[in-house]
Amino acid sequence: MTLLIAALVSGIGLGSMYGLIALGFQITYSVSQTVNFAQGSVVMLGAVLGYVFIERLGMNWMIAYPLAVLCCGGFGMLVEVLLVRPFVERNSEAWLMATVAGGIFLDNAVLFTFGNEPRTLASSLTQSTWQFAGTGIYPQQVLIPIAAVGVALALHFLFRKTLQGRALLAVVQNGQAARLMGINTTAMVSGSFALSAMLAGGAGLLIAPLLSVHSDMGTLFGLKAFAVAILGGMTSASGVMLAGFIYGLVEALVTTYFGSSSTYIIVFALLILALTWKPDGLFGRPAVKKV
Amino acid sequence: MRTSRFLPQMTRRALMSGVVGLSVAISLPALAADTVKIGLVAALSGQSAKSGQAITRGLTIAIDEINANGGVLGKPIELVSRDDESNPGKGLVAARELVQREGVAALIGGLDTPVSFAIVPFANQAKVPFVGPWAAGTGITKNGAEENYIFRVSAVDEYVDEAITEYLIANHGVKKPGMILINNPWGESNEKGLTKALEKRGMETAGIEKFESNDVDVVPQLTRLKENGADSLFVVANVAPTAQVIKSLDRMGWDVPLASHWGPAGGRFTELAGKSGEKLHFIQTYLFVEGDEKGDAMFAKLQAAFPEIETTADVTPATGIANAYDSMLLLAAAIEKAGSTDGPAIRQAMYEIENIEGLIKTYADPFSPDNQDAIGPEDYVFAHFVEGQIIPVK
Amino acid sequence: MLNFMSRTGLDLSILALTVGGLILTLASGGYIQFVMGLVALTTVLCVGLNVLYGLTGLVSLGQVGFFAIGAYTSGILLLNGVSFWLVLPAAGFVAGVAGCLLAIPAVRMAGPFLAMVTIAFAFIVEHGAVEWRSMTGGQNGLMGFPMPEIGSYVLSETDLVLFSICLAGLSLYLCRRLADSGWGMAMTGIRDAEIAASSLGYKPFVVKLAAFAIAAAMAGLAGALFTPLMMFIAPSNFPFSQSILFLFAVLIGGAGSVLGPLAGALVTVLLPEFLSGLAEYRLLFFGALLVGVLLIAPRGLVGSVAAYLPKPGRKILPKSAADIETLLAGYPKPDKLEIENLGISFGGVRAVDSVSLSLPAGAVTSIIGPNGAGKTTILNMISGFYKPTDGNILLSGKALSGLPAFEAARSGIARTYQTTKLFENMSVVANVISGLSRGRLGQPLAKVESAENLALAAGLLRYCGYMGDFDKRAGDLPHVDRRLVEIARALAMKPGVLLLDEPAAGLMRADKDQLAVILRKIADLGLAVVLVEHDMELVMGISDRIQAVDAGKPIAFGTPAEIQANETVIAAYLGDGSAPALPRKGQLETVQTPVLSTLKLTAGYGAAPVLKDVSVKVRPGEMVALLGANGAGKSTFLSALSGLHRPVEGSIILNDDPVHTLAPHDLVGRGLVLVPEGRQVFPELTVLENIELGAYKRRKAMSGDEIDALLARFPRLKDRLHSRAGLLSGGEQQMMAIARGLMGRPSVLLLDEPSLGLAPAMINELYAILGELRDDGITILLVDQMASLALSVADYGYVLEQGRIVMEGPAKDLIADERLTAAYLGGGETADRREAVQ
């Protein structure tokens, strides 16, 4: 029982985190059919900037966190302009490689500027634990799913209720018609990359107090989040969020009951099976065959 | 077929220029022979960058000292570094490049056990001495080669596992320890060593749990160990993952005796793990202790060479620095003794050098064909963190 | 297809490079030779990946998994004393089988989904190697492999490298052969246009599976070589990042080019070596350099170099027209294709409803009807792309309905597409050759462009009227030629039934006439020709029977004369005669200075201009109609005006400013708003949200009054304001689209085909609203294929034909002009006939 609860707590926390990062993939993919494969590195960038702003520059977290997220957004925009757009314009798929290379570059640039030592981004929410059904939970672990779902809902609200948000949805649903409404689709694509990176950076800040901050902390997050985005089907935000929870829970349950050495093998095998069963993802819409 | 006549011409030209370009690139660096080159193959980027840096620092100090005293064979020592990215393939390529293109007299390095394993057969075949200042995999030095060119100035997993098992039994009287190990070659090597140590004593383990270096949460694994009745834990992982174990234990409210390999010494462990990190006892081959003359001198030199160093917290892992420093001293002594940079001669000299004053200890007779490890269990120290400083236990 | 260089030239370069590699290895030794070995085995792997990604267009980020499988198979077998010469094929085989197993789910997936499955596979292999310790030695790997032996001679490392180089050369050569074979053709075809490939009889599943298996087996072979060369293997030799590097090698070398993998292997193996002196900074520079190389050579190194090399010329002697006719007449054909009560529904909408039709051999049967009537859907069911909801399709009594496209094709059904689906990256003649085999792949290494095939394909091309270069890249062809090549390709299948979907769209009159002759001849040779076409002159001229459909239902069947006389058909085309005339209330008050004008506007796609010197004026408050048959260039004209189509020649003047370089979003800001063809609503947004987006440029929330005013104009939208736009009926969507356009407060409103696909009652309602808008002083440029309807509200009209303005004048003059009817229902002769009938 304790085992199960521990697994559930861990799974929900991680799952919401994967979902949040995966939303970033979903957003850019919906808008532009491209993704930023440096997404994992942006998770790291968010955490590193948070650390630098708070611990080295002594900023208040109320300033430091939003600033870190904004910087990540700027980086996302840079990725779009430098590493995605030039290739998309030439009808090349090399943006895939270029964003991967961008991630390698960022990881190593951080390694040399930030340092090679793991550091801690302290949070008052990891100083004590709440005891609950035989296991302990950091308040931060409770905050993460709440924050993730909150961000997802806020995004939903942003998309449905603000003009710019709806403009983004319009680009997703019909790019050409959106241009005819006067929407600058190029700017929207940039914006979606910025938003995507802000989600990743925010996720990095949320997760950092539970982990340590170092230059390659994001790689696996990026990869798992991509798996989640694919599992969710890439098209629906709620599907991706849900897939995040499913992935997180399955991962935690597998680790708990089979041991972590088989986690990747079992989880990825299940992923392949799931995609065999539903080639467009669990919650994706099958692409209409156009003849 | 106008074009087919044109094409081979093009290709020929391309090929020629390629060949010329390649050979220029290849031949350029190999010429200068007014230094004695020592090659370093280690993980300088990625997760292990910190440890790679420690090795580089130890070697740099040693080389500076040696060169200040006239070098070896009348020539200064030059360090040539290569990044292996923890990938054995890249490590082997780098080792070959250092030996066959740079013409190094000896190799130092191999942070990760598999990288060392990849280099071992090549080093033996090429007859180039290879000194390991880090990787603790038992089979690296005990590789079964007739002419063994592999030496080590570092801990050996099998001995470490023996030592930490003994430590838990002696100090806590444990009966059923559990293992929580990082899922990498190092973890696997210690799984073998610890299992062997327990079998030797007729003890059973509460379980062997692995975790990944980026796992946020180790509670599931620890809970399994707890439910299986573990009365103590062996921890084998680097600094950040070990901190994850401590934090997970904290959350579970499980206070259990802990003994660890040297992983936590690699950085600001207590910053990451919190106050509870002080409960973890781990093994060291060397640590900077206040008031120790040799250590203070070394620290001063490090500060001079690397201005970014402020406190002893900045010179972690001390073990890496000390091992690398001593490796270099031993190697330089052997080269001097051999009177040449010829591999077999250096190897022979390695067995002959005596009473070398190192940082860890004075090496009376560091190597023999039966024991290519300069450091043994008697040199291990148990330590723990207190106020951010590594202090010997007791 | 790899047409960049001649075959012989390529083969000789491969040979020269191989020999060069061997010499360099023998001359260098040591480290260089070892690196050469790495280049060689990377080349072997990348050749396989090139077949998968370059030829077939499938991304795999899991090649390192197959590489590892090969390496471990090799390592384990070698340690168990199996001879290297058995180990090598065994490793390739095991990896190939793994590739097939992975491909079974993977080939059904697209883009990122496929990438993820392959990533997952690579991770499973890596972690499997860690966990399966009894076999793989776990994290610490395997070592101590015996070197390969020949007899009693033990190979040295040099020998092994020499062998690897030979193998790399061989694999480059075999890849060249494969690319030139029927297999390579099928792979390229599936990459360029999977739909077209399956309607030529190719089975995409089998071809993709083969590509996967080849790529996996090659990776396995490379792995088998890696083991003895490295002398040590461990899971950390096979990190996921290595997969990315392999794909990078193929991309940077030039995906699809024969020598690309070698160039890529050289870059990815040597670049890190050159950077090795940078030690810990290596990856930093490597990351930056990767981006740099990609930016400099987006088509890959070999592709970029090949662009500067002269292309080989060859002489192809086409078969004579007589030979082609003998051929087409000579093979057995089914006597008829029968359709019984065919119907299909998409999400509850009846797209086609109980259509029955007999399509006899030796006759041209045409299917006509307004846009959206379901004509193409019928073709799609016959050719196997859609599964009919009910009804039967029988080919000489054999049931076809529900069979996949490649089965239909193999039964002898060939087709062309509304928007041509050529294999863009193949030559023209290769496109036609790809049809010859009806999907049989042939020997994997047999040259598919044999002299016989070339002559036949060229003959077919000439027979269909293609007069251009046979070796031209199909993607570079002008519009007309694309159509002709597609017909030739369909004929190459020796089909019994030929389905043509708007073959004349966008063709000039002379080309259409030529096409008519060809199609008639084809039918006379005994094929059943089925024609879906808007050009009535063509249809009326060559058809034996015509089936008219509207809104998915058959409305008339008969000879051309019968159809032309049929009142229902005339109504469907020219608009319902019952529509009330909508004369302007009061006089048009305007000024001479136009609000929007074009001067000698010329625009097009690729080589051929679709619009030529079009000059149009729209004055303030005026409603101008632009008329013309399908494919006349009306939509292109509106795209050019609205900024969607760039660049254009000539000028567009809006409110005295030249705007022909501006993007759509800028033009909207300047008051030029297009309501596009097909409504283009945002289906997931509510009606209100859609409408609000129309005011996007104003950046201000709309007032309640404004919405009320709009709803007064479009009362139908009142109840639907908060439902999703996608759920609206076509008419409601059209109303909404116009309302959305009005929200931009346009100085000119462009309407593209507003009546398209609407029921007559709805059309009348819509036009009543357009009349009101006109009377309220809104300036409108209207394009509608219902000519009489459009002229009933317009003040002035232009008629566009073949991309030129052929007629203009006040609406009331145009509506009386017989030539206009002619433009819609066929030439002058037809118009006379129609008059006679009436």
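Helices here are DSSP runs of H or I with at least four residues, strands are DSSP runs of E with at least two, and both are numbered from the N terminus. With that in hand, open the model, which is a predicted one: local features need pLDDT of at least 70, side-chain atom pairs count only at pLDDT 80 or more, and totals for chains, interfaces and linings use all residues. Residues are numbered from 1 along each chain as its sequence is written, while chains are lettered from A and ligands numbered from 1 in the order in which they are written.

**Stop one: chain A**

Select chain A and colour it by secondary structure. Walk along the sequence and the pattern reads α-α-α-α-β-β-α-α-α-α-α-α-α. The radius of gyration (taken over C-alpha atoms) is 19 Å, close to the 19 Å that the globule rule (2.2 Å times the number of residues to the power 0.38) gives for 291 residues, so chain A is as compact as a globular protein of that length. Along its principal axes, the C-alpha trace spans about 60 × 50 × 35 Å.

How much of chain A is buried? Buried residues make up 64% of its 291 residues. For that label, a residue needs 20 or more other C-beta atoms within 10 Å of its own; 12 or fewer makes it exposed, anything in between partly exposed, and the C-beta atoms are placed from the backbone. Two residues are in contact if their C-beta atoms, placed from the backbone, lie within 7 Å. Among contacts in chain A between residues at least 6 apart in sequence, 74% join residues at least 24 apart.

Now try the stretches that UniProt, in an unreviewed entry, lists as "transmembrane region": 36-54, 66-88, 136-159, 193-213, 225-250 and 256-277 of chain A. Those positions are given in the numbering used here, feature names are shortened, and annotations may be inferred rather than shown by experiment. Pick 66-88 of chain A: the chain there is 100% helix and 0% strand, with the end C-alpha atoms 31 Å apart. Then pick 256-277 of chain A, where the chain is 82% helix and 0% strand and the end C-alpha atoms are 26 Å apart.

**Stop two: chain B**

Switch to chain B, which has 12 helices and 14 strands. Its radius of gyration is 23 Å, close to the 21 Å that the globule rule gives for 394 residues, so chain B is as compact as a globular protein of that length. Its C-alpha atoms fill a box of roughly 80 × 60 × 45 Å along the principal axes. Buried residues make up 60% of the 394 residues in chain B. Of the contacts in chain B with a separation of 6 or more, 69% are between residues 24 or more positions apart.

**Stop three: where chains B and C touch**

Show chain C beside chain B. The contact takes 35 residues from chain C and 38 residues from chain B. On the chain C side, the elements giving two or more residues are α1 (7-28), α2 (30-55), α12 (260-274) and α13 (282-296). Which of them gives the largest share? That is α1(C), with 8 residues. The chain C side divides into 19 nonpolar, 13 polar and 3 charged residues. Here Ala, Val, Leu, Ile, Met, Phe, Trp, Tyr, Cys and Pro count as nonpolar, Asp, Glu, Lys and Arg as charged, and the others, Gly among them, as polar.

**Stop four: a sheet in chain C**

Look for an open sheet of 4 strands, in the order β6-β5-β8-β9 (chain C), with antiparallel pairing. Strands pair if DSSP finds at least two bridges between them. At the edges sit β6 (349-360) and β9 (398-399) of chain C, each pairing on one side only. Strand β5 (residues 336-346) of chain C pairs with β6(C) over 8 bridges in the antiparallel sense. Click C:S345 and you'll find C:R350 in β6(C) standing opposite.

Zoom to C:R646 and C:P647, joined by a cis peptide bond with omega about 0 degrees. C:P647 is in the loop between α25 (634-642) and β18 (649-654) of chain C.

Next, go to C:R438, in the loop between α18 (428-436) and α19 (451-463) of chain C. C:R438 has a positive phi of about 50 degrees although it is not a glycine. With 18 C-beta neighbours inside 10 Å, C:R438 counts as partly exposed.
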